[in-house]
Amino acid sequence: MIILAFLACWTGSSAARLRLSGTQSCYRGDGSVKYVLSGEGAGMVFEINATSGDIHAKKRLDREAKAFYTLRAQAVNRFTGQPLEDWSNFTIKVHDINDNEPKFSKETFVATVPEMSDVGTMVIQVTASDADDEDYGNSAKLVYSILQGQPYFSVDPSNGIIRTALPNMIRENREKYQVVIQAKDMAGQMGGLSGTTVVNITLQDVNNSPPRFPHTAYHLSVPESAQVGSPVGRIKANDADVGRNAEMRYTITSGDGHDMFSVVTDGETQEAIITVKKPLDFEGKRLYQLKVDVTNAYLDPRFLHMGPFTDSATVRITVQDVDEPPVFTRNPYIIEVQEDTLAGSSIGMVTARDPDADNHPVRYTIDRYTDLERLFNIDSINGTIYTLQSLDREMSKWHNISIAASEINNAGQITRVPVFIKVLDINDNAPEFAMFYETFVCENVKAGQLIQTISAVDTDEPLVGHKFAFSLHNPNFTLIDNEDNTARILTRRGGFNRREMSLYLLPVVISDNDYPIQSSTSTLTVRVCACDSDGNVRSCSTEALLLSAGLSTGALVAILLCIIILLMIVVLFAALRRQRKKEPLIISKEDVRDNVVSYNDEGGGEEDTQAFDIGTLRNPEVMDTNKLRRDIIPDMLFPFRRVSPIKDNTDVRDFINSRLQENDSDPTAPPYDSLATYAYEGNGSLAESLSSLESAATEGDQEFDYLSHWGPQFKKLADMYIAKDTGRET
């Protein structure tokens, strides 16, 4: 495409005069002129016909990319290359055409506007841009219009401001709107290019909806055992608003349950939580009625005319009966009792009742964990407390016990109450010295010299305080009562001699002033000591007497050590003798004891198994004759006499074999091994067999006269067998 042709003919001015291609050249047409082009876009965007000087565009031009090009052209001799004229500068301006549509800065806009806003309230401004030339024609002149969102919103055609178009738009009816805005160039004329954007508009909530209860009356129930603060139930009012505008407050304004219940608001669910304010009693009142009001926490004065922003409902609460534990008339109980009260005396009473309508009888018990010494007992029917032992205030001033009351028909319903028993004081203790006194008197003391100040204590606690009286009757010492519960001990004379009397025992009588008067005699020990001229003790009676006998302190210590050593030796010797190991009664299984000894008591025959192990007599092959018992020294009660043993024990063997066969063939025998033993003293027994195992073979040959020589311990046995033998002979 030929854009420009220029004349290189100089007219006397420095500027080249351009003309369109096709005009007549100033140079001769002999083909010696050549045109060259340089500058912006030369060779790439623009090219020049070297012969005609026509300038052509090599590619499509975009004004929005580059609106101006500055170029230079020159005519030169084609053959010599010499310039025929100077360079000519010129500018190529690209004229705009409407080839760019308007574009918005965002594809989607988000905006909010309060509900109930007036018509014309600005919502948001959206703007578009057009890359075309604003100064050339109407290519960049934009007009805004609304394609979607009517009749709720409108847009200003010139600036893109979106405004509300309807009054009283309510969020509760519709909350979100989508508006489509168009921007069109060419001033909105036909053929213009356009672009669109989407605006999502949300109505902001305002407090224009009052809270309302869905029901005018509610019914709740609660057990009478509900603790204070426990919830009874929940009710809720509805508010179409959201967020802060939907926050509500509940109050109890009237009703007979105003003092028994309270209401709080759940911050998350906006529900009214009715709670117990005071303890409930089914027997006292079974039904309560409340009036609960609800109102918004935050009101908007602009919309008060849409109210009222409050509502009320009636709540009826039924108290349900439960089996309650007994209730004491007091809590705690304090009982006072004199400490001299006899055991079994009544000291007080506790009372409890079943608060239920049935009023079941109550049973009283003492928790023994609180009365480990079992000092008290209680009547299970009427609650009277008794003493089981006499009380001593000086041992314990208070006794804290726990008494339980339970329903007789339902032991699980139990209530405990503390009972504090105060033991009142009586004057049953005599005063005594407050401490142990170590008193001494000097040999050179003078008459009237103070040697000791004494005081007294009394475990009793009289109401008016202690008042003690002191008295002393002694020829050597006197006592002066100071009238302040103390007394002074003074000497009646001087010239004490520790050799004549080293100790003086002074009986001091101390009395109190309570009723009945109690008194005691406390002994004050006074030692006579040797003192210097200033009254300082040098030595007292015991040491002085020892020193006078010529024994020094070192000698006394040596004597004491010798005595201690001798005592230790004696104790050690006695301990060694006691710990000497005794030989056992039976050394081994072969050690069979077959000697008759005296134990100073009458034996029990075959039934006596305490002092003798009969198990050692059951094996006749292991017996060792003539072995004496080693644990005692026996007293032989008869001269040694030996009877010939039985040569053959076939009867015993046959007896055992027959028993064995009976047990093996018995179908009723247990399915496990059993052991049957038959005692047999065996051969070599000094008194032969004392049992009846060999009576069939030897009874006729035995003589029992020797039993009468064994002493009184075997008298009964001798009488039995000697009389039996005599009867056989008869």
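The model I am reading is a predicted one.

I looked up the accessibility of V557. Its relative accessibility is 45%, so V557 counts as partly exposed, since that class lies between 20% and 50%.

I then checked the helix as a whole. α2 has 26 residues and reaches 38 Å from its first C-alpha to its last. That is close to the 38 Å expected at 1.5 Å a residue. How many of the 26 residues of α2 are buried? The number is zero, so I noted α2 as lying largely in the open.

Next I looked for surface patches. V557, L560, L561, I564 and M568 form a nonpolar patch on the surface. Together these residues have about 490 Å² of accessible area. I kept the helix geometry in mind: with 3.6 residues a turn, residues three or four places apart point the same way.

I followed β33 to its partner. β33 pairs with strand β35 (residues 450-457) in the antiparallel sense, over two bridges. I picked out F433 and found that its bridge partner in β35 is A456.

I then looked at β16 (residues 194-204), which is joined by seven bridges to strand β9 (residues 108-114), the two running parallel. For A111, the bridge partner I found in β16 is I201. β16 is also joined to strand β15 (residues 176-184), here by nine bridges and with the strands antiparallel. In this pairing I noted I181 opposite T197 of β16.

Last, I looked up a loop residue. S380 lies in the loop between β29 (376-378) and β30 (384-387). Is S380 buried or partly exposed? I recorded S380 as partly exposed, because its relative accessible area is 29%.

What does S380 touch, leaving out residues up to four places away in sequence? I listed V362, R363 and Y364. R363 is 17 residues from S380 along the chain, and I read a separation of 5.1 Å between their C-alpha atoms.

Conventions: Residues numbered from 1 in each chain as written. Predicted model: local features only at pLDDT ≥ 70, side-chain atom pairs only at ≥ 80, totals over all residues. Heavy atoms only, no water. Patch = residues over 30% accessible without salt bridge, like charges linked within 9 Å, V, L, I, M, F, W, Y side chains within 5 Å. Areas by Shrake-Rupley, 256 points an atom, 1.4 Å probe, with all protein chains shown as cover. Salt bridge = Lys/Arg side-chain N within 4 Å of Asp/Glu carboxyl O. Buried < 20%, exposed > 50% of the residue type's maximum accessible area, 1.4 Å probe, protein only. Pairing = 2+ DSSP bridges. Helix = DSSP H or I, 4+ residues; strand = E, 2+ residues; numbered from the N terminus. Expected span 1.5 Å × (residues − 1). Contact = heavy atoms within 4.5 Å.
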